[in-house]
Amino acid sequence: MKSPVFAYAAPNTVAEACSLLANDEDAKLLAGGQSLVPLLALRLAAPTTLVDLRLVPALTGITYDQGVLRLGAMTTHRAIERSPLVQDVAPAIAEAAALIAHPQVRTRGTIGGAVAHADAAAEWPAVLLALGGHVEVTGTTGSRSISASDLFMGPFMTSLEPDEVITSVSLPIDGREIWVDEHQRRHGDYGLSILAMTYQLSDGFLTDVRLAVAGATGSVTRAPEAEAALEGRAPADSSDAITALAAELSYTSDIHGSADYRRDITTTLFQRALRAAGERSGQA
Amino acid sequence: MSFPHSQSPSIAARSIGARVPRGDDPRLLTGRGQYLADIVLPGELHACFVRSSAAHARITRVSIDEARALDGVVAVWTGEDAAKFCEGIVGELEVEGCFATTMPLLARDIVRYVGEPVAVVVAESRYVAEDGCDLVDVDYEPLEPVLHPRSALEGGPSANEELPDNVALRGGKVLGDVEGAFNNAARVIEATFHSGRLSAGPMETRGVIASYDWTSRRLRLWTGSQMPHYIKYCLTAYLGFPENECEVLTPDTGGGFGQKAHIFPEEMLLPLLARELDRPVKWVEDRRENLMTATHAHEQFIDIAYAFDSDARATGVRIRATGDGGAYHQPPWSMGVEPWCTAMVTPTGVYDIPAADLIYEAAATNKTPIGAYRGVGYMAGTLVRECLMDDAARAFELSPFDIRRRSVVREFPWTNPQGIVYDEGSWLQTIDELERMVDYTAFRERQAALRAEGRFIGLGLSVFVESSGESTAMGKAHDLGGIYHDTATVKMEPNGSVTVTIGLTTQGQGHRTTMAQVVADSLGVPLEAITVRAAESTTYGWGSGTVGSRGAVIAGGAVLRASNVIRTKLVALAASMLEADPADIDLVDGAAVVLGVPGSSVSIIDLATAVYFDQSAWPADFDPTLEATLAYDPARPIFSNGGHAMIVEVAPDTGFVTVEKVFSVEDCGTVINPDIVEGQIRGGVVQGIGAALLERLVYDDSGQLVTTTLLDYHMPSMDFSPPFEIHHLETPSSHTPGGIKGMGESGLIAAPAAVLNAVNDALSHTGTVLHNIPITPEQVLRALRG
Amino acid sequence: MTQPSEHVSVQVEVNGRRYQRSVMARLTLSDFLRDELGLTGTKVGCEHGVCGACTVLIDNEPARSCLMLTVQANGKQIRTVESLASGREMSPLQACFQKHHALQCGFCTAGFLMSATALLEEGQPTREDIVETLSGHYCRCTGYSPIIDAVEEAAAKESS
């Protein structure tokens with residue numbers, strides 16, 4: 001299990017990275033490599049050029065400004081999990097980071113890499129969708145911002161252009177409640193179901209609910225019907241939403257669980273989220 | 001018939017029984033271990049295999065030109081190239097009704113399972129060898145894959161045309177009045193079980209290095225094998241390498257668990273490549289290959305029924321065990337040993353069941369060959385027997401302890417219907433002890449209280465008797481062919497230090513420590529003065545393999561017999577020097593002492609020095625050879641026994657099962673080193689928890705193996721590790737060295753049944769009873785939801 | 001502009017020693033440590049980042065060396081199992097592994113030791129912290145509980 005041959009470049013600027021990508025349609029970006037390197041070892045990926053972002057300055061770092069948590073694309077999961085700033089302004093995000101794989105992977109894996117990889121069983125895409133976050137990207141023709149809902153197109157598919165590099169991930173932290181959890185068979189396993197939910201609580205009623213599911217479905221997805229069914233309801237008044245969530249998503253089957261099973265445990269995860277919401281609203 | 005090498009001298013246990021830390025550890029802990037991949041030979045080449053991507057297909061074309069042309073590639077061989085030297089390896093089990101197969105070194109014409117080697121690329125580095133493999137182009141014309149063992153045995157296409165009806169093994173026996181037992185039964189408890197397909201999954205994969213010198217015709221082969229002498233024998237028998245110039249070397253080995261107790265095509269090909277290319281060739285298996293091709297294990301479908309009388313005593317058993325064997329017999333254990341052992345050996349277990357109808361069969365299928373994995377045959381057999389005991393307990397409304405006590409054998413020696421004699425055992429005491437450890441009444445109270453809160457815990461019990469110290473006598477008792485014996489050499493040098501070589505390899509079991517303990521007690525020398533070499537090379541000794549829980553017993557016996565020769569000499573010399581009767585001399589604490597005469601002693605060092613340098617101290621007719629090599633093979637079969645009780649909790653929102661606690665009772669006779677015995681128990685039990693809850697090799701409908709990485713084949717991680725409470729019973733064997741018995745397989749043999757029973761107990765309010773392993777969270781959740 | 005190349009130059013510090021090498025870009029760090037530097041104490045068990053045997057410390061943090069290209073470690077400080085003993089004395093953690101019979105075949109052990117070393121350097125881990133961190137390592141021999149005991153005792157020793 002050795003990687004095929006590739007040419008390697010570690011540019012010093014984002015612009016240079018973009019042009020390296022533009023010059024070779026089979027080039028691939030290397031961030032932390034925790035997903036890409038095993039794919040190389042299994043020869044499931046065979047890029048002709050690897051463009052390593054490790055020397056590009058200013059791609060790491062965490063800032064919080066005007067309700068937005070901005071995470072440099074090369075910030076590791078471990079750094080996010082352990083960041084005093086994140087733990088302070090959005091402890092649920094630090095906890096979500098700690099759900100990813102094992103510490104030995106979190107020390108190297110990056111949020112930008114995970115988002116760009118868009119694995120259907122990854123945590124960050126669900127978090128991004130539920131928070132209504134966005135990514136800043138730069139390409140050969142300039143920079144743009146892509147909202148999470150426009151970014152994820154399917155399993156391992158994003159709307160990034162081939163020459164575009166994610167430079168940062170922005171998460172609005174605006175007082176809305178955040179809840180992220182998943183069912184893992186063993187510590188660090190890919191989640192059989194991952195659920196991220198954000199909402200406002202006013203007078204014990206849920207508003208502005210955003211619900212994202214990963215792991216259980218073919219790709220990360222919102223659950224608009226369940227969201228709508230919760231709007232204006234108390235967390236305990238959720239049977240319509242639970243029914244909607246079970247019905248509206250297309251659950252996947254594999255050797256680790258059938259679609260029915262994934263539906264069932266997504267439901268129990270959702271119920272866990274609603275119980276937490278109930279507790280937060282003091283109505284539990 | 002009795003032979004001298006079946007007799008083991010007596011020994012006084014002093015170091016035996018102590019928790020001696022392993023001498024190997026500092027070396028392994030500091031990164032100084034030398035495992036196969038750590039060995040680098042000058043000029044070595046690297047091999048990589050092109051493996052079949054089809055389950056069953058005709059090879060219409062193999063194109064190797066591009067690979068051969070790649071810079072750094074030295075050679076590419078296909079099936080035709082290998083067949084010039086060897087048609088293949090013949091495999092079968094020496095029992096009635098087994099039909100042999102021949103496994104080619106590289107497939108020719110037809111491939112019969114995904115992962116079967118089709119070509120080998122040899123290059124200057126493993127990276128380039130893999131590049132070369134990518135350039136080998138194989139065209140396949142699909143043939144229908146045979147994937148279901150029971151329907152395969154009923155007819156249809158053949159998985160391997162050597163076995164046109166797919167029958168690789170079929171046989172059985174009816175013993176006692178089975179019909180009577182079932183006709184008169186108060187209840188019949190029966191079920192069909194499926195025990196899943198497993199990988200032994202040693203942390204170090206397989207690997208081979210071959211080096212050949214044409215000037216001396218000398219072949220050296222490094223492999224982490226559990227059976228190096230057998231490998232060496234095959235190198236001569238199949239490939240014609242001169243036996244006297246063949247050496248198989250076993251470096252540090254990262255676990256074997258039975259997977260490395262086979263001969264593999266790769267081990268036959270590498271020496272040929274090394275000879276033909278005139279350079280050393282290395283192959284280190286990668287994890288994907290290991291999961292795909294390094295033998296699979298344990299998969300069986302089993303129908304089993306027990307007749308019970310109105311007192312809930314088992315009176316008869318019927319079993320049909322069907323192995324899903326894969327495409328070939330993997331020698332020497334073959335696809336036969338699993339179902340054969342399950343049907344012919346395990347159905348009676350620790351119970352006095354007078355009548356048995358036993359059917360074993362193995363079907364050839366287009367899957368990876370089945371081989372041995374810790375507890376081969378015993379695990380599935382113990383699973384079905386012990387699970388039905390718990391089913392019976394529920395039917396009779398008895399505790400799992402009581403139902404077992406109704407039928408357990410209480411008097412020894414006991415002969416089971418198969419004619420196997422059990423000399424001794426603590427079968428009843430095991431059940432009693434587990435009941436005490438668990439505190440059964442308190443458990444039921446806690447279970448009821450938690451159920452009221454919506455939490456579900458369960459208790460599962462599993463008791464076992466295990467054949468140990470695999471021997472010729474054991475084979476004969478079971479109507480199984482095969483002859484076993486192993487040698488050890490003990491050599492004392494002039495300063496009293498001792499070097500021991502044994503014919504058994506070690507894969508982490510600590511033989512170097514336990515054998516040193518045996519020698520220390522035999523010769524009265526301190527452990528620091530003893531070095532044990534565990535079959536590092538076939539140059540030393542003879543070994544039948546580290547299999548069948550035989551290491552401690554067999555190596556112990558050989559070591560003790562050899563050491564006793566030295567002991568006798570030291571005693572004679574000491575008697576002469578101390579002017580005492582040899583019968584009054586003991587060797588203890590570094591000295592020969594005259595019993596009952598305080599102060600009359602001579603140090604072992606002085607004795608050894610005198611043997612080498614002081615003829616005047618010798619008694620008449622003294623032979624100064626302080627080196628002895630002797631064989632050992634126990635005169636009679638040896639059986640250890642024990643049991644596990646487990647408490648599990650099932651999660652109502654996911655169906656996940658957590659093992660809360662394991663209680664283990666082990667009776668392996670005299671315990672040489674409790675740390676090592678307990679280590680074997682814990683390791684085996686956690687493998688059993690893996691087998692029961694996580695591990696499963698899965699094929700899809702086209703015969704593709706789905707679980708080819710550790711992301712899909714889930715082994716237990718630390719969060720699956722329960723706390724243990726371990727209790728030792730010691731019922732010594734009457735005829736092994738010091739009364740020791742083997743126990744390396746016991747944890748895995750009996751743990752899956754305890755897990756399954758505990759889950760079924762947790763689900764007992766639902767009416768669902770599961771009879772498959774691994775238990776999936778989905779099955780548990782379905783049961784909880786009704 | 002940076003030209004992509006199949007070979008790269010790397011400079012790393014391993015166990016306090018500096019090395020400069022030109023290597024294939026595709027060479028993993030685990031293969032570099034083992035094959036180029038001869039530091040074979042680091043074992044390779046799966047090459048796809050699951051088993052944990054190849055774990056080393058990169059700037060004091062545990063990482064899978066099979067999931068890193070050598071060039072990604074450029075300029076970094078690496079520690080492997082060979083660095084743990086001081087002089088001729090095993091580290092307290094290593095000694096605790098021996099005492100608790102926390103290794104059998106020894107193949108996975110270096111990985112466990114490196115992750116546990118980082119954990120102990122960070123502070124006083126609880127039993128839960130130990131399980132959480134070391135669940136990223138497979139051991140097929142011991143059943144794990146002796147490893148937990150060994151790390152727990154080493155942690156207690158460090159704090160005393």
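In the predicted model, 42 residues of chain B are in contact with 44 residues of chain C. Helix 19 of chain B gives the most to the side that touches chain C, namely six residues. Classified by residue type, the side of chain B that touches chain C comprises 17 nonpolar, 15 polar and ten charged residues.

Helix 19 of chain B also packs against another helix of its own chain. The axes of helix 19 (residues 674-693) and helix 20 (residues 746-762) of chain B come within 7 Å and cross at roughly 45°. Helix 19 of chain B is therefore oblique to helix 20 of chain B, and the crossing of these two helices is right-handed. From helix 19 of chain B, the contact is made by Q680(B), I681(B), R682(B), G683(B), G684(B), V685(B), Q687(B), G688(B), I689(B), A691(B), A692(B) and L693(B). From helix 20 of chain B, the contact is made by S746(B), G747(B), L748(B), A751(B), P752(B), V755(B) and L756(B). The residues of this helix pair contact divide into eleven nonpolar, seven polar and one charged.

At the level of domains, chain B is divided into domain 1 (4-33 + 485-632), domain 2 (36-143 + 205-253 + 260-293) and domain 3 (296-474 + 635-785). The centres of domain 1 and domain 2 of chain B, taken over C-alpha atoms, are separated by 40 Å. The contact between these two domains takes 14 residues from domain 1 of chain B and 15 residues from domain 2 of chain B. On the side of domain 1 of chain B that touches domain 2 of chain B, three residues are nonpolar, ten are polar and one is charged.

Chain B is also in contact with chain A, with 21 residues taken from chain B and 16 residues from chain A. At least two residues of the side of chain B that touches chain A are supplied by each of helix 4 (126-135), helix 9 (287-293) and helix 21 (777-785) of chain B. Helix 4 of chain B provides the largest share of that side, with five residues. By class, the side of chain B that touches chain A holds six nonpolar, four polar and eleven charged residues.

Chain A itself contains twelve helices and 14 strands. The radius of gyration of chain A is 19 Å, close to the 19 Å that the globule rule gives for 284 residues, so chain A is as compact as a globular protein of that length. Along its principal axes, the C-alpha trace of chain A spans about 55 × 45 × 30 Å.

How values were computed. Residues are numbered from 1 along each chain as its sequence is written. Chains are lettered from A and ligands numbered from 1 in the order in which they are written. This is a predicted model: local features need pLDDT of at least 70, side-chain atom pairs count only at pLDDT 80 or more; totals for chains, interfaces and linings use all residues. Axes are lines fitted to C-alpha atoms, for helices over the stretch in contact, and angles run from 0 to 180 degrees between N-to-C directions. Helices (H or I, at least four residues) and strands (E, at least two) are DSSP runs, numbered from the N terminus. Angles under 35 degrees count as roughly parallel, over 145 as roughly antiparallel, 65 to 115 as roughly perpendicular and the rest as oblique. A crossing is left-handed if the near helix is turned anticlockwise from the far one by less than a right angle, and right-handed if clockwise. Two residues are in contact if their C-beta atoms, placed from the backbone, lie within 7 Å. Ala, Val, Leu, Ile, Met, Phe, Trp, Tyr, Cys and Pro count as nonpolar, Asp, Glu, Lys and Arg as charged, and the others, Gly among them, as polar. The radius of gyration is taken over C-alpha atoms; the globule rule is 2.2 Å times the number of residues to the power 0.38. Domain bounds come from an automatic or database domain assignment.
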